[in-house]
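The following paragraphs lead the reader through selected features of a structure. Please keep the sequence and the coordinates at hand while reading.

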Amino acid sequence: MQGIEPMVPFNILVLVCLAYVLVLFVVAFVVEHPAIRLRARWLRSPLVYTLSLSIYCTAWTFFGAVGYAARSGLEFLTIYLGPTLVFIGWWWVLRKLVRIGKAQRVTSIADLISSRYGKSNLLGVLVTVIAVTAATPYIALQLQSVTLSFGVFASPVDTFGAPPGKEATALWVAVGLALFTVLFGTRNLDANERHHGVVTAIAVEAVVKLVALLGVGIFVVWGLADGPAEIFSRIEASPVANWTLDPGRWIGLIFLSGAAVLCLPRMFQVTVVENVEESHLATASWAFPLYLALMSLFVVPIAVTGLMVLPEGANPDLFVLTLPLAGGQGALAMLAFLGGFSSATSMVIVAAIALATMVSNHIVMPFWLRMQPSRAVSGDVRRIVLLSRRVSIAGIVGLGYAYYRLSGGSSALAAIGLISFVGVAQILPAMIGGIFWRGATRAGAATGMILGAAVWAYSLYLPSFGPEGIISDAVMDHGPWGIAWLRPEALFGIEGMDPLIHALFWSLTLNAMTYCLVSILGFPSPMERVQGAAFVNVFEGGLTTGGWAGGKAEAEDLLILSSRILGEDEALAFFQAEARAQGKEGFLPDPTPEFLDGLELRLAGSVGAAAAHAMLSQVMGGETVSVEDLVAVANETAQVMEYSAKLEEQSEELSRVARQLREANEKLTQLSEQKDAFLSQISHELRTPMTSIRAFSEILMAGDVPSEQAARHAGIIHSEAIRLTRLLDDLLDLSVLENGSVRLDLALVTVLELLDRALLAAGETLPERQFAVRRDLPSESIYVTTDPDRLTQVFINLISNARKYCDAAQPELRIVVRQRGGRMIADFIDNGTGIPEESQALIFEKFSRLTDQNRAGGAGLGLAICREVMANLGGTITYLPGQGGAAFRVTFPLRLQKAA
Amino acid sequence: MGRHVLLVEDEPNITEAIRFILARDGWEVTALTDGAAAEAAIRSARPDVVILDVMLPGRSGLDVLAALRADESTCNLPVLMLTARGQGRDRAEAERIGASRFMTKPFSNSEMLATVRELASA
């Protein structure tokens, strides 16, 4: 137990470190593997959660607590007491934070604050800046402790390779940590920002830390001393026992460490963001304080023994390492080294992940998005986010390294840690106020934090860079511009206070006061109010059943409400069943909380959870319907409306299809009937002439007919044969016209010419009677491009009809032709009685012969053919009612274009 | 046994053919073209046989037949129905109403004569 002899060659130490890191890699990798993640349920146990919380114990607590004890006695306990109190009282704050974290999908403490105050990015940036500023020296501290502990093993006596210099060691550690963090913190993007692999690796490190410290403690108590009794007497004798309790400092430090455990970004990350189940908190509420107690159990014995055994001037911050070395326990020293290494690495990794998330989400991404020209953001964002995370991690670890180089790594470890604590504690008022006080505003949170952070930086952070660092001695001693009450460590004339407590007091007091004052004077925006309600009432809000104890609802009222929603029968059946279950007669159960819960569930099935809750709340009278209830109801209503709109759409679609089918069916039926009628008509039209032909030919064949009569019979046969042929011609013509397969021969002719031809042809038809035609030849002398034969066919039909059917004593047909724009109009008007109104709609149908006389021999196809011809010529034929006699109007284009 | 046939047919050439065939065999033929007037004419003329076309202007032959069958004095009158529509539907309908015989146009002259003789002697 004389001098410190390095028992472990430095090379071996480096190898052990690398092997250890490799093990952590494997743990993290295996845990992230989907198959393992599904199978190994213990990975989600509250134990892993609790152990991951141990990143609170950094290298500062692992090594520094002993140093703290050596200098200030039991005061180091304050660092553990704050978190212990917070976790024992988890029901009030932590539970709420975790619930809010889950409800709002909070990804970091900056996100929490930003989200609470109306999703303000200003606050997100502010919290991020404070957190990064405060964390930087803390990360530097971890680098320093690892470097120092490496240094312990470095000795000129060592022949197996000398260790590199301090700066180089710190740099390599920083690079290694950044690499590990990038690899496992940003392997993929998780919507909840959870990192199962990292958390499990952290839990492993927590175990190593605890085992190492306990090991060293046991060695000190039972190896270097003869058990607890001797240790206690040593403590009595040591200077450590002479420490004095400063109540102000104790209260301040307990409060500070309690605030830190809530506000440190890395603690928020493991406590809230990485929390898998809220129930894990209940376990952590006793297990984590127990862990802290075990960590502090041997602190004083190690400190006392170190002071006694080790030579004067040995760094008490390294007693954990130097005592086993001095005792010749190389393996234990190695374990202690790994414990410190674990403490430092786990803190840096989680802090870097948490801070990188904040920097990336609140500074880099908004900036990048704003830099984008108005183009829509593409799927590339994922890559950008990962890149920005990785760069942020490297930047944060880099900042820590830079601080380490700047500060020269000289200050006592504990001092740096407490400075960081005061920094992050500036977030506390906005956080606590945010989850308990609905009236808090964004402006209040921002001004409070800015003022608090400014006071912190001025009175504690900047002076920590040391004399002649950033703030000059003159300012420290006499204040800026000689204003004494602005001296950094004696603000407002309060002197003689411990600088740390002084800074804590002023920064937090001013912060909280400003926060409250600005909030009260201002007014929250609607967004802040909605978010405030969601945060403060996270337990009562919307979808969770708040329990119905103490309600004054009448079962009758509830039945009425339920009937409206569920329908009379179902509601009554439910109430009866419930009443029976309660052992009551009738259909009205007592409104017990169990019954109400069941009813709410039942109603929720019909109208949605939020609406059900709001309705019951109103009937119960106990609770008022809150804003978020209404918002939730509105959301549900919107969904229901969307759903019913979809249903309506579908049913409309269905009825439209049904209508189409019905119409198609009707059309088919009609067509089928038309076809039957058409065939029947054709049969009649064909069989009638054939009957005459057959009858007379049989008479002639018998041969006993006088020749005069025979000639008459043969004449009938002849005319009926012609009639038959004409009928077949018409049918074929109609078929061609209806199929649209008619070939048009276009030519340039005058209407006059066509009418002349038509009159000539119509004159040959029966009957031959006096028939006057009135025309206006000049108006007919217009050239038209059309199919002359087809148009003439229509004209012949109309003229013949007039000749046949005009029943005036002196029949007369007026033909009026005129041009209207690009179209020709030809009217054929006779002076007969015309066509009766009820028949006008039928005349263009096939076989629609109106008169009982078929002297003219037509089969009733003429006008049907005309209609088809005019359609083929791009024109129309219509009946003009009210013209005295029968009147037809034919229109056709002046220039008919040939179909392409 | 009388030899009076009343023919209701709107096609003049067919009327002429039937009249010629029956007249040679010694029948007296009265011809009508209009369905509407047929019933009254039959009632007053009291022919021995009626030849009735289905498709008539004014009133359908089937309609006239139904009216004849509904009246006691004419319910047993022999009626030969003629149709040119050639579809089973007319025949079924005519038989249901009570046509004595049914023939489709065009018909054979000898068959027409034989049918009229048969109806008159029944």
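The structure under discussion is a predicted model. Ser562(A) belongs to helix H25 of chain A, which covers residues 555-566. When neighbours within four places in sequence are left aside, the residues in contact with Ser562(A) are Gly567(A), Ala571(A), Phe575(A), Leu599(A) and Leu603(A). A further relationship concerns Glu600(A): this residue stands 38 residues from Ser562(A) along the chain, and the two C-alpha atoms are separated by 9.6 Å.

Burial can also be followed along a whole helix. Helix H6 of chain A spans residues 94-103, and seven of its 10 residues are buried, so the helix is largely enclosed by the rest of the structure. The buried residues of H6(A) comprise Leu94(A), Leu97(A), Val98(A), Ile100(A) and Gly101(A), together with Arg95(A) and Lys96(A). After H6(A) comes Arg105(A), a residue with a positive phi, near 55°.

The packing of one helix against another may be considered next. How do the axes of helix H8 and helix H16 of chain A cross? Helix H8 (residues 121-153) and helix H16 (residues 319-326) have axes that come within 10 Å and cross at roughly 15°. Angles under 35 degrees count as roughly parallel, and H8(A) and H16(A) are therefore roughly parallel to each other. Their crossing is right-handed. On the side of H8(A), the contact is made by Ser149(A), Val152(A) and Phe153(A), while H16(A) contributes Leu321(A), Thr322(A) and Leu325(A).

Aromatic side chains provide another view of the model. Over all chains, a search of the whole structure finds 19 aromatic pairs. In one of them, the ring centres of Tyr117(A) and Tyr515(A) are 6.5 Å apart and the ring planes lie at 85°, so the pair is edge-to-face. This pair links distant parts of the chain, its members being 398 residues apart. Tyr117(A) is located in the loop between helix H7 (109-116) and H8 of chain A, whereas Tyr515(A) is located in helix H23 (residues 499-521) of chain A. Tyr117(A) is buried at a relative accessible area of 0%, and Tyr515(A) likewise counts as buried, at 3% relative accessibility.

Phe505(A) and Trp506(A) also form an edge-to-face aromatic pair, with 5.1 Å from centre to centre and 70° between the planes. Are these two residues buried or partly exposed? Phe505(A) counts as partly exposed because its relative accessibility is 38%. Trp506(A), by contrast, has a relative accessible area of 13% and is buried. Elsewhere, one aromatic cluster is formed by Tyr20(A), Phe150(A), Phe337(A) and Phe341(A).

Chain B remains to be described. Chain B contains five helices and five strands, and from the N terminus on these elements follow the order β-α-β-α-β-α-β-α-β-α. Chain B has 122 residues, of which 53% count as buried. Of the contacts in chain B between residues at least 6 apart in sequence, 61% join residues at least 24 apart.

Methods. Residues are numbered from 1 along each chain as its sequence is written. Chains are lettered from A and ligands numbered from 1 in the order in which they are written. This is a predicted model: local features need pLDDT of at least 70, side-chain atom pairs count only at pLDDT 80 or more; totals for chains, interfaces and linings use all residues. Side-chain values use heavy atoms; hydrogens and water are left out. Axes are lines fitted to C-alpha atoms, for helices over the stretch in contact, and angles run from 0 to 180 degrees between N-to-C directions. Helices (H or I, at least four residues) and strands (E, at least two) are DSSP runs, numbered from the N terminus. Angles under 35 degrees count as roughly parallel, over 145 as roughly antiparallel, 65 to 115 as roughly perpendicular and the rest as oblique. A crossing is left-handed if the near helix is turned anticlockwise from the far one by less than a right angle, and right-handed if clockwise. Contact means heavy atoms within 4.5 Å. Buried means under 20% relative accessible area, exposed over 50%, partly exposed in between (1.4 Å probe, protein chains only). Rings of Phe, Tyr and Trp (its six-membered ring) pair if their centres lie within 6.5 Å; planes under 30 degrees apart count as stacked, over 60 as edge-to-face and the rest as tilted.
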